[in-house]
Amino acid sequence: MCGVFGIWNHPEAAHLTYMGLYALQHRGQESAGIVTADGERLFEHKGMGYVSDVFTEDVLKKLPGHLAIGHVRYSTAGRSFLQNAQPLVAHRAWGSLAIAHNGNIVNAFSLREALERDGAIFSTTTDTEVILHLVARSRRWDLVDAILWALHQLKGAFTLVILTPDTLIGVRDPYGFRPLWLGRKDGAWVLASETSALDLIDAVPEREVQPGEVIVINEDGIQSLKPFPATVRAQCIFELVYFSRPDSVIFGRSVSEARVEMGRWLAREAPADADIVVPVPDSGVHAAIGYAEASGLPFQFGLIRNHYVGRTFIQPSQANRSFGVKVKLNPVRPVVGGKRVVLIDDSIVRGTTSRKIVQMLRQAGAREIHVRISCPPIIGPCYYGIDTPSEEELIANHYDVAGIARFIGADTLAYLSLEALLRSVGDPQGREFCVACYTRDYPIPADHQKIKQIRILERTAVE
Ligand code: AMP
């Protein structure tokens with residue numbers, strides 16, 4: 001979970017990157033960074049927190065140049081501290097390079113072990129740093145060749161934006177796990193994780209970067225390379241279920257429309273004898289619209305979200321256990337009181353959030369609560385960049401659906417089937433998407449113990 005942005009040939013490159021990151025803030029709130037280039041040198045600024053915490057007018061003024069890349073980070077591989085903030089920058093005798101990454105490289109630990117045995121010293125615990133080391137060791141003089149050589153060593157999910165003093169490069173791994181868009185603004189080329197970022201800066205979406213495509217943009221023009229052997233597509237379906245913004249278009253689909261369709265299918269597959277349809281805001285809103293439409297039940301905002309809760313909240317020492325959810329969500333008593341409620345959310349991960357919400361709705365007087373979830377039970381941890389916990393922490397690995405219903409305190413519980421989810425995203429054969437979180441059928445054969453080792457490495461790192 002991260003967001004990336006890049007721009008080539010705009011006099012306000014840093015400012016537009018800042019705006020682009022603002023529109024991608026939902027993809028990561030732990031750190032933010034921008035690296036700019038003026039044709040000769042790179043300039044960088046990174047910090048912990050929201051984009052608005054890290055960048056001020058003064059900071060942006062110190063980032064000159066007409067090229068830039070930016071990153072918002074939500075740590076999946078690598079712990080959360082400033083050294084791990086991206087873009088990562090490397091200076092070599094023949095030139096500098098900055099890189100921003102969304103995804104997880106599943107063979108990062110093996111690559112790192114081999115590089116360290118060969119004398120490399122790493123300064124972060126992120127999987128992204130192996131790419132810089134590989135580029136440095138490629139023995140290829142041409143930088144694009146060196147990058148392509150490095151990319152060939154990687155297994156896993158990597159959507160990248162790379163900056164040299166005069167070139168912007170965009171990469172999507174051959175499986176296409178994470179999205180990446182190409183857009184235009186005036187005479188500038190833009191790369192961004194989602195169209196929401198292009199919209200904010202008034203860039204015109206040109207097309208999505210294809211799985212396995214490398215786009216090189218510099219004074220010689222724009223070049224599209226297809227350096228990888230063909231493989232299956234494995235775009236992350238959870239981007240459409242939860243992660244991307246509903247106003248974005250990714251993987252050729254409107255996120256909003258896909259979610260509404262999931263809700264329609266959910267109503268057909270799991271109807272409920274109820275009075276109103278209530279979403280868990282914001283994650284359940286679009287599926288609830290579809291559920292209400294297909295079931296004919298009225299849609300009501302029975303829970304209101306406080307949009308001004310920051311990342312950390314100092315709890316009073318007497319706070320009860322549902323405080324974390326209560327500070328974000330509050331029931332509307334006149335709406336839910338005495339009603340049979342269909343409560344819609346996108347997913348249950350550990351089950352603790354749903355449990356607290358159900359409890360809150362009961363206290364507010366709801367008579368019955370029928371929970372409906374717009375994707376199948378999550379049983380597999382994600383190794384490709386979504387921050388889902390280990391198998392043991394996923395509630396669907398402990399209970400069946402009836403057991404989960406009891407755990408969260410719902411009168412009934414139902415999930416959308418995998419077949420209906422795939423239909424909702426227009427891929428009934430399941431040829432375009434990674435659905436490993438619902439099946440544990442991982443598209444890349446990999447040593448998952450090794451993947452976990454990079455997480456162990458994080459824990460031993462010093463701050
Ligand atoms: P829980 O079942 O308590 O672990 O939380 C489930 C809630 O977290 C749902 O409302 C989801 O919208 C949301 N959610 C699902 N996946 C993630 C994720 N990777 N990071 C943060 N929130 C998530």
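## Aspartate 202

Aspartate 202 is exposed, with a relative accessible area of 61%. Exposed means over 50% relative accessible area, buried means under 20%, and partly exposed lies in between (1.4 Å probe, protein chains only). Although aspartate 202 is not a glycine, its phi is positive, about 60°. Aspartate 202 sits in the loop between α7 (195-200) and β11 (204-208).

## Basis of the values

This is a predicted model, in which local features need pLDDT of at least 70, side-chain atom pairs count only at pLDDT 80 or more, and totals for chains, interfaces and linings use all residues. Residues are numbered from 1 along each chain as its sequence is written, and side-chain values use heavy atoms, with hydrogens and water left out.

## Aspartate 186

Aspartate 186 also has a positive phi, about 50°, although it is not a glycine. The loop that holds aspartate 186 runs between β9 (181-185) and β10 (188-192). Aspartate 186 is exposed, and its relative accessible area is 62%.

## Cis peptide bonds

Glutamine 86 is joined to proline 87 by a cis peptide bond, with omega near 0°. Proline 87 belongs to the loop between β4 (67-73) and β5 (88-92).

The peptide bond between proline 281 and aspartate 282 is cis as well, and its omega is about -5°. Aspartate 282 is placed in the loop between β17 (276-279) and α10 (285-295).

Notes: Helices (H or I, at least four residues) and strands (E, at least two) are DSSP runs, numbered from the N terminus.
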